[in-house]
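Biologist: Hi, I have the structure open on my screen. Could you walk me through it, starting with the aromatic rings?

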Amino acid sequence: MTSNPPFRKVLAGVATREQMFQLFNHHKDTPDLDPLSGTPYSGEWFEIEASSYHFILGLLPPLFQRLGLFGMSEFKAGNVTSVFFAIRIRGRERWFHGFCDLSDRQSPDKMRAAIIAHETGATDSMTREEKLEAIWNATHPDFKGIAGEINPDAWPVEHHGKRTMLVDGGREGTILKLLEDLSDDEIDSHMSAIRAHAKRRGSNDANPS
């Protein structure tokens, strides 16, 4: 089984406020994971809108705050809490959310560094695991599910609880496939669509000053 990198981008593009709140809880229905430990979320990050950053800052007094970042006083679970970042990248102010495990006091600074490294790296710097998370989060609920949840006999027992999604099977038509089994071509196709959508949406957004 592939282990998750310490910091993982889970959404391509900029999350709307609705998407942000969905991602705050997107592991709640994942089988065999203990969301109360906070572990499934620790290390995940994604870009958000400026308005979302300031909206959350105004909700509750932050647990901590310094130039360019603040942490939520309400923990997700365990030692994991939301940390929000305002980072200037290549001359443009951008905003991000990440789940940091504060048992490591350097976690917010490490995540900030990881975000900057990711966003200033190669054009296609996402790992396979990050791409699969981005594809899963961008897929409509009608086109994804959990293997064995509705019909246990439809999948081998060893695949029960794994994530599935509908994909174009060519001559076979639309087929159901394990998320982890997506081919490189299928991943590239989905990511191209996600990035094109994000680019179209971004062209309508005001450029932050």
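Predicted model: local features only at pLDDT ≥ 70, side-chain atom pairs only at ≥ 80, totals over all residues.

Biologist: What kind of pair do Phe 24 and Phe 99 make?
Modeller: Their ring centres are 6.4 Å apart and the planes are at 70 degrees, so Phe 24 and Phe 99 are an edge-to-face pair. Phe 24 lies in helix H1 and Phe 99 in strand E6 (residues 92-101), so the pair ties together parts that are 75 residues apart in sequence. Helices (H or I, at least four residues) and strands (E, at least two) are DSSP runs, numbered from the N terminus.

Biologist: Are Phe 24 and Phe 99 buried or exposed?
Modeller: Both Phe 24 and Phe 99 are buried. Buried means under 20% relative accessible area, exposed over 50%, and partly exposed in between (1.4 Å probe, protein chains only).

Biologist: And which residues form the aromatic cluster?
Modeller: One cluster is formed by Phe 21, Phe 24, Tyr 41, Tyr 53, Phe 55, Phe 70, Phe 84 and Phe 99.

Biologist: What sits over the ring of Phe 55?
Modeller: That is the charged end of Arg 17, 4.1 Å from the ring centre. The rule asks for NZ of Lys or CZ of Arg within 6 Å of the ring centre and within 35 degrees of the ring normal. Lys 144 likewise lies over the face of Trp 136, at 4.6 Å from the ring centre.

Biologist: Switching topic, which residues of H1 and H2 meet?
Modeller: From H1, Arg 17, Met 20 and Phe 21 meet Ser 51, Ser 52, Phe 55 and Ile 56 of H2, with contact meaning heavy atoms within 4.5 Å.

Biologist: Last one: where does Gly 145 lie?
Modeller: Gly 145 is in strand E7 (residues 144-146). Its relative accessibility is 21%, so Gly 145 counts as partly exposed. Beyond neighbours within four places in sequence, Gly 145 is in contact with Trp 136, Lys 162, Arg 163 and Thr 164.

Terms used:
Residues numbered from 1 in each chain as written. Heavy atoms only, no water. Phe/Tyr/Trp six-rings, centres within 6.5 Å; stacked < 30°, edge-to-face > 60°.
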